Amino acid sequence: MQYKKVINKYRTDKAFVGKSSSFLLLLLALPLLAGWITINESSIFMPWIGMQFNTALGIVLMSIIILAKTLKKHVVAQITSIFLFILGGLTLFQHISGYDFFIDELFRKSVRAVYENYPGRMALDSSMTFFLLSISFFITSSKNLNGAKYFYSSFLSALCVAIGIAALVGKILGLESTIDSASFSYMSMATALSISIASIWLYIDNLRKVSISDERHRAVPMIIVLLLTVVVVQLWQFSIKQEVGFLKSSLTSKINRMSEEITEGLHQTANALERYGARVNLLGITNQEYLNLDSENYLKQLRFLTEISITDKNLKVVWSYPSDSVFKSKKSTSTDFIKKLKTAVEVSKASKLPTLSQTIEFKKDTFGNILPIPLYDNNTFVRNIYGVIKVDKLFGGLFDNKDFSVTVTEGEGVVYYKKADTSVLNNLSINVPISWG
């Protein structure tokens, strides 16, 4: 009897609930449709981060369908369901097949892509729920309805309830980080809330319309909701494992390319400093104005380089550009500074090749390396050219993706760290050695 009272009360408030749900969905899509979401989002729009324009369009279509069904405009509801079916179905097919129908940025360029290689594409979970809900909406908007059709519609809406609530709870409680989510975390909180609202409304609306005597069409979908929640979580974890493998492979490839870029950059810097040293050997160091101009050009062309210094044959620094040299800092007299520099100089003199020193702390929390270039005149050692490379300049320009945290270590110490804009997963870390000099 209590169950019948709830259903009867819903019948009374049906128009209000339907219109309210439709309006709420429209509000949730508004920030994307109005273009309020930009690259530098305000914290007020955090729930919308990750939502794409096509996702917002799908939410608007669901809003129209719910309003049309509430006002008994069944033809409008069916036509709109077809549009939602096309939008969700084509995107879902793109995810599964790998084809690109160029619909992801058909209406508007993407501001913040979910998938790096497919800007503007909505999350897989969003396209799947749009596809399922469009079928469910279409079935219940037809004239010839029976218990079986309501059952199938309830089954699909129950599945979407499970997906929407799982994604929403995951976002609210941060479960996507706890269980290493790489799937539902792509769905924004606003999208998850919209799908939950639409699928719950449709599910309850189906229950209301089933005759009181046909209890099996009420009870079965309710049980299915619980079962599907378990199934969805299992599928979620399976998809996580699959995507974790893909992410690790992708990250390894990217980090290896960065490692190669750093190695090549250091080679180019060393070669350029050898040419610089050859001119110093030829012209001497008396023309300070020429040295300043030449050094300034080198610093502009070599992005890793921050300072050039020249020593005498006793390894005393006699000239630097810029003038506020690291060799004039208090740290330059420390035992660690002198030991690491001396080791690099000895190795470079013995091999007659450029050698990068171990990382040295130049100032408080400022680390870098010294690249000594030995200069010879008729096989007699004349002086060293010191190229100073700061780690933030060495690594900062390469690791510009804010989705990753980057830690560079040498021995047991951390010499460079860049924090990600989002929470990170430690078990997705990739270790790549960078060895040179």
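**An open sheet and a helical core**

An open sheet of 5 strands runs in the order β2-β1-β5-β4-β3, with antiparallel pairing. Strands are DSSP runs of E with at least two residues, and helices are runs of H or I with at least four, numbered from the N terminus. Two strands pair if DSSP finds at least two bridges between them. β2 (317–321) and β3 (360–363) stand at the edges with a single partner strand each, so one side of each lacks a neighbour in the sheet. On average, neighbouring strands are turned by 35° against each other, direction ignored.

The model is predicted: local features need pLDDT of at least 70, side-chain atom pairs count only at pLDDT 80 or more, and totals for chains, interfaces and linings use all residues. Residues are numbered from 1 along each chain as its sequence is written, and side-chain values use heavy atoms, leaving out hydrogens and water.

Within the sheet, β1 (residues 305–311) and β5 (residues 380–390) run antiparallel and are joined by 5 bridges. Ile-308 has Gly-387 in β5 as its bridge partner. β3 and β4 pair in the antiparallel sense over 3 bridges. There, Glu-361 stands opposite Phe-367 in β4. The hairpin of β3 and β4 has 2 residues between the strands, and Asp-365 takes a positive phi near 60°.

Two helices lie across the strands. Helix α10 (residues 288–301) lies across β1 and β2, at about 55° to β2. Helix α11 (residues 335–351) lies across β3, β4 (366–377) and β5, at about 35° to β4. Axes are lines fitted to C-alpha atoms, for helices over the stretch in contact, and angles run from 0 to 180 degrees between N-to-C directions.

The largest nonpolar core has 35 residues. Such a core is a set of buried Ala, Val, Leu, Ile, Met, Phe, Trp, Tyr and Cys residues joined through side-chain atoms within 4.5 Å. Buried means under 20% relative accessible area (1.4 Å probe, protein chains only). Among the members that touch the most others are Leu-25, Ile-59 and Phe-130. The elements giving two or more residues include α2 (14–33), α3 (53–70) and α4 (74–97). α3 gives the most, with 8 residues. Apart from this core lies another, of 29 residues, among them Ile-262 and Trp-319.

The axes of α3 and α4 come within 9 Å and cross at roughly 160°. The two helices are therefore roughly antiparallel (over 145 degrees). Contacts (heavy atoms within 4.5 Å) involve residues including Leu-61 and Ile-65 in α3, and Thr-80 and Leu-84 in α4.

Terms used. Buried means under 20% relative accessible area, exposed over 50%, partly exposed in between (1.4 Å probe, protein chains only). Angles under 35 degrees count as roughly parallel, over 145 as roughly antiparallel, 65 to 115 as roughly perpendicular and the rest as oblique.
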